[in-house]
Amino acid sequence: MSDATSRTNVVLSKLSLVGDLLMLQLVFLLLSLGIVTLFPAAFAFQRVLPYAIGQEHPALMRRFFTEFKWCFKRFWLSGLALYVGGVALAFGLFFWASTNGPVRIFALAVLVPLSGMIVGLYLSTLAVMPQAGDDATTRSVFRTANLFLLRRSLAVAGGVVGLATWFLVVGRLPTLFVIWSGLVPALLAYWISRPPRTRRENSSETVSN
């Protein structure tokens, strides 16, 4: 009976975690409808995610909105610049990929690695965001994210590959965007932010189970 009760508690805990993540995803989606609020919402999502995964979520939604206000005050301008730059980069990739000639090869040889570096820096920013202090600024977070990218380059590269794969899947199944648009980058950044030993231990536990 105790084993059955334990298994029931584990299942309920997993369902509660999934419900919290989907609730955060829905709130993120609503908050990110405005262009100016997109990246502050993503940063707030990242700062709340560890509480949801650890099931330490008293007033989880209140914490999310509090973090969103904090992020918006500090990062709305840099987030807007990042949005404009991302759109311009995506347009450039699409334009040169649809053209012909030797210039196309040169342009893509420059834009593709540049896109990977920018995405890697974005994932690094998400990874360090939960540890940012209350007095954090755009400059301090950017500096910390750069250091993280240098120290965890292999893990960040894996996150970039995972995110690129996710974009390819969304291109085939756009409906997944509603459920996973905020969760996938957040979970990838959460994964790469953890110590390598922790990732190996969890991977071993998953295989053994």
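Trainee: With which residues is Phe64 in contact, leaving aside its neighbours within four places in sequence?

Mentor: This is a predicted model, in which local features need pLDDT of at least 70 and side-chain atom pairs count only at pLDDT 80 or more, whereas totals for chains, interfaces and linings use all residues. Residues are numbered from 1 along each chain as its sequence is written, and side-chain values use heavy atoms, with hydrogens and water left out. Contact means heavy atoms within 4.5 Å. Once neighbours within four places in sequence are set aside, the contacts of Phe64 are Leu24, Val27, Phe28, Leu31, Ala41, Ala44, Phe45 and Val48.

Trainee: How many helices are there in the protein?

Mentor: Helices (H or I, at least four residues) and strands (E, at least two) are DSSP runs, numbered from the N terminus. From that terminus on, the elements run α-α-α-α-α-α-α-α-α. The protein has zero strands, and its helices number nine.

Trainee: With which residue does Glu67 form a salt bridge?

Mentor: A salt bridge is a side-chain nitrogen of Lys or Arg within 4 Å of a carboxyl oxygen of Asp or Glu, and the structure holds one. Glu67 lies in helix H3 and its partner in helix H2, so the pair ties together parts that are 20 residues apart in sequence. Glu67 is buried, with a relative accessible area of 13%, and Arg47 is buried too, at 8%. With the closest N and O atoms 2.6 Å apart, the partner of Glu67 is Arg47.

Trainee: Is Ser181 buried or exposed?

Mentor: Ser181 is found in the loop between helix H7 (176-180) and helix H8 (183-193). Not counting residues up to four places away in sequence, Ser181 touches Gln25, Phe28, Leu29, Trp166 and Leu176. Because its relative accessibility is 11%, Ser181 counts as buried.

Trainee: With which side chain does the side chain of Ser181 make a polar contact?

Mentor: A polar contact is a pair of N or O atoms within 3.5 Å; within protein, one must be able to donate a hydrogen and the other to accept it, and residues adjacent in sequence count only if both atoms are side-chain atoms. A polar atom of the Ser181 side chain lies 2.9 Å from the backbone oxygen of Phe177. The side-chain partner, at 2.9 Å, is Gln25.

Trainee: How far apart are the end C-alpha atoms of residues 103-128?

Mentor: The unreviewed UniProt entry annotates "transmembrane region" for several spans, among them 22-45 and 103-128; UniProt positions are given in the numbering used here, feature names are shortened, and annotations may be inferred rather than shown by experiment. Residues 22-45 are 75% helix and 0% strand, with end C-alpha atoms 12 Å apart. Residues 103-128 are 100% helix and 0% strand, and their end C-alpha atoms are separated by 38 Å.

Terms used
Buried means under 20% relative accessible area, exposed over 50%, partly exposed in between (1.4 Å probe, protein chains only).
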